[in-house]
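Here is a short report for a reader meeting this structure for the first time. Keep the model in view while reading.

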Amino acid sequence: MTSLLSQPRSVKVSKSKPRPKPERRILFQSFPNGPRLGLVRISVGTEAADYWLSRLPSDFGGAAFRLEKFAPEGDEPASYDVLLADDQGHHSCECKGFLRWGRCKHVDGMSALCLSGRLSSAPPRVVDAVEEDGGLRLVAG
Ligand SMILES: [Zn+2]
């Protein structure tokens, strides 16, 4: 009697290599104008997005910011409120990425910017960033 279990079975072996994370950078240009602090460019790999950065009052301690994306004409303008909490487990962002993954380029980017001293407050470290080409390159965390 042959056991079904002894039959050779094709086993799918995942051969996908761990993909290198796309490089992420954030660039801040001070451009104070009313509540706006300046321009921020966040790039992930070859994709870059530009935002107006404003500081928001934070009721929870930490630092809060609004990133208003430059949308191509006809597109819905998008803006994301980012809260950098004093306790790094409680950072938040309104974007879909954050809702899904609990972290996103906005939080990581703003955290790196604050930490670099470009913005006045310095919440706890989330990501490491390397000074480069006038911007910050985020070292994947
Ligand atoms: Zn986000």
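The report below covers the sheet, its strand pairs, the helix beside it and the core.

## The sheet

This is a predicted model.

Strand E4 (residues 63-69) and strand E5 (residues 79-84) run antiparallel, joined by 6 bridges. Two facing pairs can be located here. Ala63 stands opposite Leu84 in E5. Glu68 stands opposite Ser79 in E5.

E5 also pairs with E6. These two strands run antiparallel, with 2 bridges between them. Leu83 has Ser92 in E6 as its bridge partner.

E1 and E8 are antiparallel partners, with 3 bridges. Arg24 stands opposite Leu138 in E8.

E8 pairs with E7 as well. The two run antiparallel and share 5 bridges. Glu132 faces Gly135 in E8. E7 and E8 form a hairpin with 2 residues between the strands. In this hairpin, Asp133 takes a positive phi near 50 degrees.

## The core

Nonpolar side chains tend to be buried together in soluble globular proteins. Here, the largest nonpolar core has 28 residues. Ile26, Val82 and Leu113 have the most contacts inside this core.

Which elements supply at least two residues each? They are E1, E2, strand E3 (47-56), E4, E5, H2 and E8. H2 gives the largest share of the core, 6 residues.

Leaving aside neighbours within four places in sequence, Val82 is in contact with Ala64, Phe65, Leu67, Cys93, His106, Val107 and Met110.

## The sheet and its helix

Return to the pair E4 and E5, which 6 bridges join.

Definitions and conventions: Residues numbered from 1 in each chain as written. Predicted model: local features only at pLDDT ≥ 70, side-chain atom pairs only at ≥ 80, totals over all residues. Pairing = 2+ DSSP bridges. Helix = DSSP H or I, 4+ residues; strand = E, 2+ residues; numbered from the N terminus. Core = buried A, V, L, I, M, F, W, Y, C linked by C-beta atoms within 7 Å. Buried ≥ 20, exposed ≤ 12 C-beta atoms within 10 Å, placed from the backbone. Contact = placed C-beta atoms within 7 Å.
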